[in-house]
Amino acid sequence: MQRVIGESKKSFMTGNEAAAWACLAAGADIMFGYPITPQNEVMHYWTRMAPKYGKGFLQTEDELSAGFTVCGGVQSGKKAFTATAGPGNVLMQEPFGMAEAMRLPLLAIIQQRGGPSSGTVVYSQQEVTLTTYGGNGEGHRIVYSTSSHQEIFDYIIKGFNNAWKYRFPVFILGDGYQAKMREPLEMYDPETRGIEMVEPYPLIGLGGKIGEERGPSHLCNIYSLEEELYEVITKVQAEYDALAPQIIEYDEKNCEDADIIIVTHGIVSRAADDAVKALRAQGIKAGYFRPITLRPFPQKELREAIAKNGAKKLIIAESAIGQLERLVKQEIYGETAKIETLFMPGVGIIDSDIIDKVKSVL
Amino acid sequence: MAVQAIPKSWYLPSKPHKFCPGCGHGIVLKALGEVIDELEIQDQVIFGCDIGCSLLSWNFFACDSTQTHHGRTTPVMVGIKRSRPELVCIGYMGDGGGYSIGSQHLLNSAVRNEKVTLILVNNTNYGMTGGQMAPTTLPGQKTETSPYGRDPEQTGYPTMGPEFIAQLTPDSAYVARATVSKYKQLKKYIRSALRNQMEGNGFSFVEVLSTCPTNWRTNAQQTWNFLEDEMERYFPVGELKNPFGKGDK
Amino acid sequence: MALFKIALAGEGGQGVQSIAEILAEAAYNENQQAIYIPNFGLEQRGGVSIAFLQFSDKRIGAPKFQKADIVIALSERAVARTLGYSGTETLYVYDSSFNIKTEELPQEAKQIIALPAIDTANNELHPRVFNIIIMGAVIGLSNVVSFEAAKEALEHKLGYKFEKDPKLRELNFKALEIGRQMAEKSLREGVLSND
């Protein structure tokens with residue numbers, strides 16, 4: 001595969017730029033996209049790099065089209081991807097649903113902004129429900145919630161691989177802060193780190209003579225009978241559940257003796273990390289749990305973290321009203337730890353917000 | 001009769017407005033404001049705006065207004081007009097909202113001859129989001145997503161909106177293209193467009209060629225040159241369809 | 001260094017984001033952790049522009065903060081917009097040419113300083129390098145980056161302009177130095193207020 005980074009490069013750039021470079025390093029072939037703040041720069045960087053590396057790009061007429069053109073691209077065997085946010089994410093649920101149904105390995109970068117509707121162009125964590133369970137399906141998706149530019153880079157590379165290996169659409173769930181802020185990261189070509197990139201393959205346009213060398217490939221996403229659909233969906237669910245242990249990622253600190261565990265995802269987890277350190281320094285036994293994959297959710301791992309010391313309380317902090325909380329509750333049903341919440345929809349959370357909340361509920 | 005400097009239908013608390021220096025929106029909205037005053041329809045007007053720079057007009061007028069989603073101003077206006085035909089529905093959008101994401105609504109509303117008035121401001125780029133390529137970006141024009149210049153081999157030629165709308169609509173529709181460099185003509189076309197709705201004839205559509213020095217990265221002289229020499233040459237100005245008499249193309 | 005937070009605010013077009021970007025890059029080049037995030041609401045076209053900077057030797061947490069260690073307001077409108085970022089430990093800086101009454105300044109601040117940056121730019125240098133004077137002042141007030149690193153980062157960002165007109169390089173570096181000296185002087189002399 002083409003080396004695009006060369007010598008492992010320490011760089012200082014925005015998250016959007018890091019995302020564009022990651023897609024390039026991962027061997028993506030073509031991007032389809034539509035302008036919406038705060039992800040536009042992914043397109044700006046990609047369109048400048050594309051001709052130099054023989055990559056494709058089309059700005060489509062809207063997000064419905066961007067999502068469906070990506071579906072077409074992956075069906076034809078090319079590593080296609082897109083990026084969007086807010087109302088664009090809403091529109092893309094239609095093509096994402098098709099990707100779920102037809103097991104299409106698309107990759108989408110989501111930079112959350114305030115919602116609902118046009119909300120703000122700035123930041124939120126309000127697209128969790130949409131990105132994990134949007135569309136009219138069962139959420140057969142892989143969703144990574146990143147918290148740094150290094151993770152944006154790393155998980156895009158991993159994301160393309162898992163998409164093409166497991167055939168579930170993959171989402172890199174960032175946010176407006178990550179998109180627009182500048183911080184350091186180290187870029188690299190995957191092979192230099194021993195990462196083998198999964199080769200894409202077509203589902204249609206297979207080559208060879210039809211009727212002689214092979215039969216035609218017919219893809220569909222509709223069934224005549226309820227029973228047919230039932231069979232298909234339950235099989236996919238079983239496959240998804242079986243693969244979950246290989247896909248799930250999370251981070252956990254200080255839960256062995258924790259009285260209270262702070263559960264956060266994405267960029268808020270950095271504030272949570274700082275908060276736990278500060279609380280511990282004050283003698284408060286706080287623990288930290290961060291799901292990195294929101295789908296599939298590290299359910300077993302969270303239960304185990306709680307069980308380590310029989311933590312009595314969980315604090316769920318998010319820049320939304322209960323979207324992470326809903327996921328947590330559904331996954332840890334039956335646990336008796338009391339759940340406290342810090343909801344700041346559309347607003348950034350800093351360590352003192354979490355520290356104050358912890359102290360108020362102790 | 002003395003011309004009032006600020007139209008009565010303008011909403012003073014939202015002035016000075018937030019459009020960039022050199023932006024054509026201010027000129028279009030002034031012409032619209034004056035026409036609304038002259039027709040005395042301030043209380044019947046529903047003003048709808050899209051996302052993008054047109055969004056900045058959401059509280060521009062002292063008329064009832066609604067801001068919609070990107071590309072959805074047309075169907076919202078249609079919904080209002082069909083529910084309350086006595087209202088004068090004016091949809092205001094850019095070239096992205098009208099010819100890109102909103103094109104299917106524009107097309108279908110034109111075919112159905114919906115009795116709404118749409119004003120589409122064409123400045124050849126997506127302004128608010130930082131200057132991406134638009135359906136009306138000229139061949140060779142550099143934008144954030146056509147950094148090496150628009151290549152018609154790759155992305156086709158600029159959308160000729162009024163031309164295709166004229167094809168889709170019956171003769172009772174009013175279709176025109178104006179420019180901010182010709183103010184009297186702009187007002188005339190806006191007035192005819194609104195008259196077409198108010199008299200119950202049919203669809204009315206006015207594209208207005210406009211300026212965006214911020215994203216074009218042009219100084220004042222270059223801005224006017226681009227509008228008058230490049231855009232007006234590519235997009236012919238005039239009335240393509242006029243139920244009130246001969247078009248003045 | 002321990003976590004250091006700076007908020008810069010001014011009118012769109014004054015070059016607030018440019019200097020923030022240069023400072024952040026300078027810090028990164030000196031192997032610090034740095035985060036720079038611009039505010040980017042709908043007022044991006046015409047309105048107060050704010051840059052949030054954080055420097056540290058350790059991984060930085062949230063990109064947002066409540067109170068800054070230094071706030072610099074480059075326009076009168078920016079003062080009102082940044083009052084909330086000033087806390088009991090904040091060094092609050094504004095330009096001495098502003099028409100600001102004492103009650104319009106922050107209620108909480110460790111020290112409030114007025115710098116004659118605009119006047120100096122207009123009379124001694126050039127209006128265009130006003131923001132570079134401020135950049136020098138930030139360094140003089142905080143030492144978040146070394147002067148050398150700042151010059152290098154400035155060269156890196158504006159080098160292409162300096163190639164065309166070497167006098168610009170001289171002007172910019174002079175502005176940087178003047179800004180630094182102005183700040184160091186004001187710290188030594190204490191508060192300069194204009195009520």
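Two strands count as paired here if DSSP finds at least two bridges between them. Please keep in mind that every view below shows a predicted model.

**Figure 1. Strand β4(B) and its buried residues.** We start inside chain B, with strand β4 (residues 117-122). All six of its six residues are buried, so the strand is largely enclosed by the rest of the structure. In a regular strand, side chains alternate between the two faces of the sheet. Here, Thr117(B), Ile119(B) and Val121(B) point one way from β4(B). Leu118(B), Leu120(B) and Asn122(B) point the other way, and both sets are buried.

**Figure 2. The pairing partners of β4(B).** Strands of a sheet pair through backbone hydrogen bonds, in either the parallel or the antiparallel sense. For β4(B) and strand β3 (residues 88-94) of chain B, the pairing is parallel and runs over five bridges. To find your place in this pair, look for Met93(B), which stands opposite Leu120(B) of β4(B). Strand β6 (residues 204-209) of chain B also pairs with β4(B) in the parallel sense, over six bridges. A handy landmark in this second pair is Asn122(B), whose bridge partner in β6(B) is Leu209(B).

Figure 3. Stepping back, chain B holds nine helices and seven strands. Its C-alpha atoms fill a box of roughly 50 × 40 × 35 Å along the principal axes. A compact globule of 249 residues would have a radius of gyration near 18 Å, and the 17 Å of chain B agrees with that. Of these 249 residues, 55% count as buried. Among contacts in chain B with a separation of 6 or more, 67% are between residues 24 or more positions apart.

**Figure 4. A five-stranded open sheet in chain A.** The strands of this sheet lie in the order β9-β11-β10-β13-β14 (chain A), with mixed pairing. At its edges are β9 (250-253) and β14 (338-343) of chain A, each of which pairs on one side only. On average, neighbouring strands of the sheet are turned by 20 degrees against each other, direction ignored. Helix α9 (residues 268-281) of chain A packs on the sheet and touches β9, β10 (260-263), β11 and β13 (313-318) of chain A. The direction of α9 makes about 165 degrees with that of β11(A).

**Figure 5. Where the two domains of chain A meet.** The domain assignment of chain A gives domain 1 (9-193) and domain 2 (252-361). Taken over C-alpha atoms, the centres of the two domains are 27 Å apart. In this view, 22 residues of domain 1 are in contact with 20 residues of domain 2. On the domain 1 side, the elements giving two or more residues are α5 (128-133), β6 (142-145), β7 (170-175) and α7 (176-180) of chain A. β6(A) gives the most to that side, with four residues. By class, the domain 1 side has seven nonpolar, 13 polar and two charged residues.

**Figure 6. The contact between chains A and B.** Here, 15 residues of chain A are in contact with 16 residues of chain B. Helix α2 (residues 40-53) of chain A gives the most to the chain A side, with six residues. The residues of that side divide into five nonpolar, seven polar and three charged.

**Figure 7. The contact between chains C and A.** This contact takes 18 residues from chain C and 21 residues from chain A. Which elements of chain C give two or more residues to its side? They are α1 (16-29) and β2 (33-38) of chain C. β2(C) provides the largest share of this side, six residues. Sorted by class, the chain C side has 12 nonpolar, four polar and two charged residues.

**Figure 8. Chain C as a whole.** Chain C has six helices and six strands, following the pattern β-α-β-β-β-α-β-β-α-α-α-α along the sequence. Its C-alpha trace spans about 45 × 40 × 40 Å along the principal axes. The radius of gyration of chain C is 16 Å, in agreement with the value near 16 Å for a compact globule of 195 residues. Of the 195 residues, 47% count as buried. Among contacts in chain C between residues at least 6 apart in sequence, 62% join residues at least 24 apart.

Definitions and conventions: Residues numbered from 1 in each chain as written. Chains lettered and ligands numbered in written order. Predicted model: local features only at pLDDT ≥ 70, side-chain atom pairs only at ≥ 80, totals over all residues. Rg over C-alpha atoms; globule rule 2.2 N^0.38 Å. Buried ≥ 20, exposed ≤ 12 C-beta atoms within 10 Å, placed from the backbone. Contact = placed C-beta atoms within 7 Å. Nonpolar A, V, L, I, M, F, W, Y, C, P; charged D, E, K, R; others polar. Axes fitted to C-alpha atoms, helices over the stretch in contact; angles between N-to-C directions. Domains from an automatic or database assignment.
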